[in-house]
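Could you look this one over with me before we talk? My notes are in the order I'd go through them.

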Amino acid sequence: MDSADDRARSDLRERAEADGIEFFLAMFVDLHGKPCAKAIPSSSFDLLMDGGAGFAGYAAGDLGQSPADPDVLVVPDPASYTPLPWKPGVAVLHCDPHVEGKPWPYAPRVILRRQLAELADKRGWVLKTGTELEYSLLRRREDGTLEVADPLDTAAKPCYEVKGLTRMWDHLSTVSRNLNTLGWGNYANDHEDGTGQFENNWQYSDALTTADRTIFFRYMIHMLAHDAGMVATFMPKPFTSVTGNGLHIHQSLWGQDGTPLFDDDADALGLSPLARHYLGGLIEHGRAVAGIICPTVNSYKRIGVGAPTSGSTWAPAYVAYGGNNRSVMLRVPEGGRIEHRGVDGSANPYLAATALLAAGLDGIDRELDPGACTDDNLFALHSDEVRARGIKHLPKTLDRAVEELVADDVLRAALGKTPGGDFIDYFAAVKQQEFDEYHASVSDWEVRRYLTQA
């Protein structure tokens, strides 16, 4: 009898042949979520499936390798097969990096898969997630500087503005059609709060599938923008005066039989006791998780800042939760799910899901109480009142976030061990170097402020 792997391989071959696939993009991501790939002709399908595609890991990005290390072989996941709707004959296969026959513990997808397998084996649960990705569409001027792609997109409050939406109709309708062609269930497309900022929504799924789709979506948006003469960015804060780009993650736990575990109609927010403990874990580890979900220097220019000129600020500054309250980090828009609004567009979705799940499970195991629900507008509440309520501020810079991250034993255990030690220490070292490079660079603001001050 054929094994499940043999059947999956056979089904993949049949689907690819039916779709007329000529090339597979064997894709994986580095620590930062940067997608890398080789184009493998369909004539080499068996070679790809038997041994994977080889890469010099050190050259690909931050994957815990040096030039002296063996090649990384990326092994395709047949379930991740995703044809490119805008480029017929090409399909993405998301892959798990291996080194010398073993899953490479520095690889973000490997880290999430390991934790999800443990969740299923030890608890019989499934994590389902949905992501909301905001992005900005820009153009380069002749001098190389950037501007909003639509020169007429100058409204003081551009969010949901129908004229701005319609002027970008070719792009947005193409994205919508592509998402539905893929079977993702696109249900809304809109102009977001910043000038030049947009969002396309699709249905939630299991956490690994959603992370794969998030990587693919970012890739697709970049390519569609490029083909249209634009530049797309998911950068958390591309402009000082414009609303930043978030990557909100909705989370819920389910039984393997499809039973929702977060629902409780008798609760004021529609959350079960299990969900409330999960929420308590997200609160408990809120500051430490920031280093994973807000992983760049630029991330901290999005969170906790004043309202931009283009509209409102939607990025949380404080570790707090509420019902349908968009000023808090953790929003419960309806019963049965929790939205984390602190995650930004630069986050690696595999690592973000790993960290959030670990925090939530710790809350369940310790039966943590999330505390009082916040109904106030935290953007308007005085900082003294916030402190009086015991609500903590998120870290204000990447280096502070990294310090909190490495001190968190729960996240340390969840992210796992590598040949060089704990993954969390490797991640922190990479991010500390990133911060140090930024800190060593003299900005225009400093020159303007200090050049003739003394």
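1. Ground rules. This is a predicted model, where local features need pLDDT of at least 70, side-chain atom pairs count only at pLDDT 80 or more, and totals for chains, interfaces and linings use all residues. Residues are numbered from 1 along each chain as its sequence is written, and side-chain values use heavy atoms, with hydrogens and water left out.

2. The annotated span. An unreviewed UniProt entry lists residues 19-102 as "domain: GS beta-grasp"; such positions are in the numbering used here, feature names are shortened, and annotations may be inferred rather than shown by experiment. The span is 13% helix and 42% strand, and its end C-alpha atoms lie 32 Å apart. Helices (H or I, at least four residues) and strands (E, at least two) are DSSP runs, numbered from the N terminus.

3. L93. Have a look at strand 6 (residues 90-99), where L93 sits. L93 counts as buried because its relative accessibility is 0% (buried is under 20% relative accessible area, exposed over 50%, partly exposed in between, with a 1.4 Å probe and protein chains only). Leaving aside residues up to four places away in sequence, L93 touches a list of residues including L12, F24, M27, L48 and Y81; contact here means heavy atoms within 4.5 Å.

4. The cysteines. Searching the whole structure turns up 0 disulfides, a disulfide being a pair of cysteine sulfur atoms within 2.5 Å.

5. E161. This residue is in the loop between strand 9 (146-148) and helix 5 (162-167). With a relative accessible area of 18%, E161 is buried. Its side chain makes a polar contact of 2.8 Å with the side chain of K163 (a pair of N or O atoms within 3.5 Å; within protein, one must be able to donate a hydrogen and the other to accept it, and residues adjacent in sequence count only if both atoms are side-chain atoms).

6. The largest pocket. Which residues lie nearest its centre? They are T240, K301, Y438, S443 and W445, out of 22 lining residues. Helix 14 (423-440) and helix 15 (444-450) are the elements that give two or more residues to the lining, and helix 15 gives the most, with 4 residues. On a 1 Å grid over the protein atoms alone, a pocket is an open set of points where a 1.4 Å probe fits, with protein on both sides within 12 Å along at least five of seven lines; lining residues have an atom within 4 Å of a point.
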